[in-house]
Amino acid sequence: MLSAKCPLCQTPGGTVLWQNQYLRVIDACDQLYPGFTRVIWMAHVVEMTDLSAAEQAELLRVVLLVEQVQRAELKPDKVNLAAFGNVVPHLHWHVIPRWQDDPHFPQAVWAAVPHADLKTQAAQEARRARVQQQLTAYHQALVTQLDSI
Ligand SMILES: [Zn+2]
């Protein structure tokens, strides 16, 4: 079931990389966090426990696969997995590659951006550009892995 008022029912929520009848994997197209990926359940459900046990397993399997491919392809210092739904109460997981020199580290990416001097900002920009160049390979690996499950 879809909701007429829900943005994740009415729009893909990003660039769709892969989907099946249950869920879709999207590139969040986040300027500060290239590689930021979301796994979005297709039906309008709010909580993990709204899913059957088999559906929960399917969703988590894909979330973990995305994490695995991010680690292999982007080599982040850390991967953040998060499911909030406070703003958009439609079940989705954030899979966010993190680096110790990213603008928020070690805070959540949703925290206020701390002040950084120009040298630090330049280093952050250089790393973002490097990750941006890896995105095509990351997305191809994701599709290959997801096609095989
Ligand atoms: Zn929805």
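User: In which hand does helix 2 pass helix 3?

Analyst: In this predicted model, helix 2 passes helix 3 in a right-handed crossing.

User: Why are helix 2 and helix 3 called oblique to each other?

Analyst: The two helices pack at an angle of about 140°, with their axes 9 Å apart. Angles over 145 degrees count as roughly antiparallel and those from 65 to 115 as roughly perpendicular, and helix 2 and helix 3 are therefore oblique to each other.

User: What makes up the contact of helix 2 with helix 3?

Analyst: Its residues divide into eleven nonpolar, three polar and one charged. On the side of helix 2 they include Leu65, Val66 and Glu73, which belong to a group that meets residues of helix 3, among them Val131, Tyr138 and Leu142.

User: Which residues have the most contacts inside the largest nonpolar core?

Analyst: Val39, Val62, Val63 and Val66 have the most contacts inside this core, which has 20 residues. Helix 2 gives the most to the core, with five residues. Leaving aside neighbours within four places in sequence, valine 62 is in contact with Leu23, Val25 and Val39.

User: How do you know whether cysteine 29 is buried or exposed?

Analyst: Cysteine 29 has 11 other C-beta atoms within 10 Å, and because a residue counts as exposed at 12 or fewer, cysteine 29 is exposed. Cysteine 29 is placed in the loop between strand 2 and strand 3, and its phi is near 55°, a positive value in a residue other than glycine.

Technical notes: Residues numbered from 1 in each chain as written. Predicted model: local features only at pLDDT ≥ 70, side-chain atom pairs only at ≥ 80, totals over all residues. Core = buried A, V, L, I, M, F, W, Y, C linked by C-beta atoms within 7 Å. Helix = DSSP H or I, 4+ residues; strand = E, 2+ residues; numbered from the N terminus. Contact = placed C-beta atoms within 7 Å. Axes fitted to C-alpha atoms, helices over the stretch in contact; angles between N-to-C directions. Parallel < 35°, antiparallel > 145°, perpendicular 65-115°, else oblique. Left-handed = near helix turned anticlockwise from the far one by under 90°. Nonpolar A, V, L, I, M, F, W, Y, C, P; charged D, E, K, R; others polar.
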